[in-house]
Amino acid sequence: MSLLHIFDVAGSAVSAQSLRLNTTASNLANADSVAGDAESAYRARHPVFQAIGQTRDAAAVGVRTLGIVESDAPAPVRHDPDHPLANEQGQVFGANVSPVAELTDMISAQRSYQTNIEVLNTAKTLMLRTLSVGE
Amino acid sequence: MENDKLFGIHAFAARLRADRAGVLASNLANADTPDYKARDIDFSGLMEQVRGERLGLAKTATAHLPVAASGDTGELAYRVPLQPSLDGNTVDAHVEHAEFAENAFHYQSTLSFLDSRIKGLIKALRGE
């Protein structure tokens, strides 16, 4: 294994974290979306991460996104008979997004993204220094 | 090995440092992966092992096991978490970050040793 593998590992982490930021963005964007029934209401989505090739002696372990799961928390119901989407009982269904949880998730993703970019930078510096040994 | 005479322990140390950088980068990459267990290379243990090899462990009986080949990163150890998290992940980003920075620094100092060795050799060859 060489320093080159670090680019793959940190690169996989950067793309995973940017996907996490994307889901956070769509969750926050749809925090106020409403629907006429509970099934079509927006549900908060989150990525599921998994380590790639985590064996006992594997030194380089990247990360990938297994998939995106939707939160099964109940959609908040609001009584609003004047709403164009309201059902017969005059109810509308909001998104089950928790803005506080999304914001903390966003900060966590941002920190991880920064860390991995720093790892990339350090690996690059080390490789450049290795190339100039003996010059 | 001829290389060993030229570069001493530094060639092995540089390889071990590069491998360790990879392991620590994997830990940082998986800081948010559920059930991922942080791992590390036992650097000082492996260096001791190589030093013992260089001094030459004598095999006085046929039943003696050979010392592991140098350059082998050996078994990766699992880090003992300071604060276990609910999702089974044992990566502490701050610890890994500090270890990664320290490892990069040591890698660079090993490179300077190699660099000055090569420069000395070139000087000797030129006879300046």
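**View 1. The order of helices and strands in chain A.** Read along its sequence, chain A of this predicted model follows the pattern α-β-β-β-β-β-α, with 2 helices and 5 strands; helices (H or I, at least four residues) and strands (E, at least two) are DSSP runs numbered from the N terminus. The radius of gyration of chain A, taken over C-alpha atoms, is 22 Å, well over the 14 Å that the globule rule (2.2 Å times the number of residues to the power 0.38) gives for 135 residues, so chain A is more spread out than a compact globule. Along the principal axes, its C-alpha atoms fill a box of roughly 80 × 30 × 20 Å.

Residues are numbered from 1 along each chain as its sequence is written, while chains are lettered from A and ligands numbered from 1 in the order in which they are written. Because the model is predicted, local features need pLDDT of at least 70 and side-chain atom pairs count only at pLDDT 80 or more, whereas totals for chains, interfaces and linings use all residues.

**View 2. Helix α2 of chain A beside helix α2 of chain B.** The axes of α2(A), residues 99-131, and α2(B), residues 10-29, come within 10 Å and cross at roughly 165 degrees, where axes are lines fitted to C-alpha atoms, for helices over the stretch in contact, and angles run from 0 to 180 degrees between N-to-C directions. The two helices are therefore roughly antiparallel to each other, a term for angles over 145 degrees. The contact (C-beta atoms, placed from the backbone, within 7 Å) is made by A:Thr115, A:Asn116, A:Val119, A:Ala123 and A:Leu126 of α2(A) and by B:Ala21, B:Ala25, B:Leu28 and B:Ala29 of α2(B).

**View 3. The side of chain B that touches chain A.** Here 29 residues of chain B are in contact with 31 residues of chain A. Both α2 and α4 (93-126) of chain B supply at least two residues each to this side, and the largest share, 11 residues, comes from α4(B).

**View 4. Helices α2 and α4 within chain B.** The axes of α2(B) and α4(B) come within 9 Å and cross at roughly 160 degrees, and these helices are therefore roughly antiparallel to each other. Among the residues that meet here are B:Ala14, B:Arg17 and B:Leu24 in α2(B), and B:Glu96, B:Phe100 and B:Tyr107 in α4(B).

Terms used:
Angles under 35 degrees count as roughly parallel, over 145 as roughly antiparallel, 65 to 115 as roughly perpendicular and the rest as oblique. Two residues are in contact if their C-beta atoms, placed from the backbone, lie within 7 Å.
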